Amino acid sequence: MACFVAPAAVAVVTTVIQTVVKKKETAATVEGPTKVTSGKWTRRLGWLNTMMWGGSALLCLEHIWHGEVVPWPPFLTAMQTPGDVGPMLHEIVTVGVAMAVVILAAWGIMVGVAEIVERRAKAGVERTSVHGGA
Amino acid sequence: MWLLVTALAAMVATALWYVNLPSDKYKLGFLSLIYWGATLMWLVDHVMAYIRDGGPFIEVTADGTALALAVLALGLFVWLVRLLLGDPSRITRALLRK
């Protein structure tokens with residue numbers, strides 16, 4: 001009915017977070033020695049936003065296709081029938097929230113893998129420089 | 001049907017992104033993330049509907065196939081807009097200057 005509304009709402013929040021983080025990381029690049037890792041979290045939050053916004057956009061198309069979303073107010077056809085509002089809200093809370101949680105979990109795994117790869121690469125560089133210097 | 005087609009598109013886009021690493025000049029990572037986002041969301045939707053209502057997990061219908069193609073086209077359209085705006089090969093800029 002309108003399950004994509006929940007991930008779209010989360011996408012709004014994560015986009016705001018990304019904007020704040022981007023400002024902080026840009027400031028840190030100018031000030032300190034963190035130039036190597038600068039933009040790391042902006043990029044990672046970008047993955048999350050792309051999945052949230054992209055998924056919501058494609059799901060919105062599916063809902064338009066099935067006549068559940070229309071381009072005129074109230075936009076959601078379930079809102080036109082009072083009896084459908086309850087089931088619609090129930091679907092947003094159950095299916096929509098589950099969708100957002102699964103995307104967040106997938107993003108968490110991606111960030112975890114990226115962090116492990118980055119640490120291993122860093123350790124490899126340090127080992128090479130120690131051996132090279134000896 | 002659209003779940004299956006979107007999952008396939010996500011896998012193809014991811015493979016293309018991986019083949020082109022470490023360069024992501026053509027933003028294939030962006031395209032694959034769009035499709036993965038939609039795939040995961042539809043997977044949740046299908047699993048929850050299957051648990052609730054039962055019935056076939058994936059239905060192959062003409063309408064579903066048409067929707068799957070429309071979904072693919074929208075994903076590609078979003079990616080193309082981003083690619084042309086970013087203009088990594090500076091082709092658009094050069095054409096506009098002529």
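A: A residue is called buried when its relative accessible area is under 20%, exposed when that area is over 50%, and partly exposed in between, with a 1.4 Å probe and protein chains only. This is a predicted model, in which local features need pLDDT of at least 70 and side-chain atom pairs count only at pLDDT 80 or more, whereas totals for chains, interfaces and linings use all residues. Residues are numbered from 1 along each chain as its sequence is written, chains are lettered from A and ligands numbered from 1 in the order in which they are written, and side-chain values use heavy atoms, with hydrogens and water left out.

The residue to start from is His63(A), which lies in helix H2 of chain A; helices here are DSSP runs of H or I with at least four residues, strands are runs of E with at least two, and both are numbered from the N terminus. Because its relative accessible area is 2%, His63(A) counts as buried. Leaving aside residues up to four places away in sequence, His63(A) touches Met1(A), Ala2(A), Cys3(A), Phe4(A), Glu68(A) and Val69(A), where a contact means heavy atoms within 4.5 Å.

A disulfide is taken to be a pair of cysteine sulfur atoms within 2.5 Å, and a search of the whole structure finds zero of them over all chains. Cys3(A) is accordingly in no disulfide, and the nearest cysteine sulfur belongs to Cys60(A), 10 Å away. Seen from Cys60(A), the closest cysteine sulfur is that of Cys3(A), and the 10 Å between them is too far for a bond. Cys60(A) is partly exposed, because its relative accessible area is 21%.

An α-helix has 3.6 residues a turn, so residues three or four places apart point the same way.
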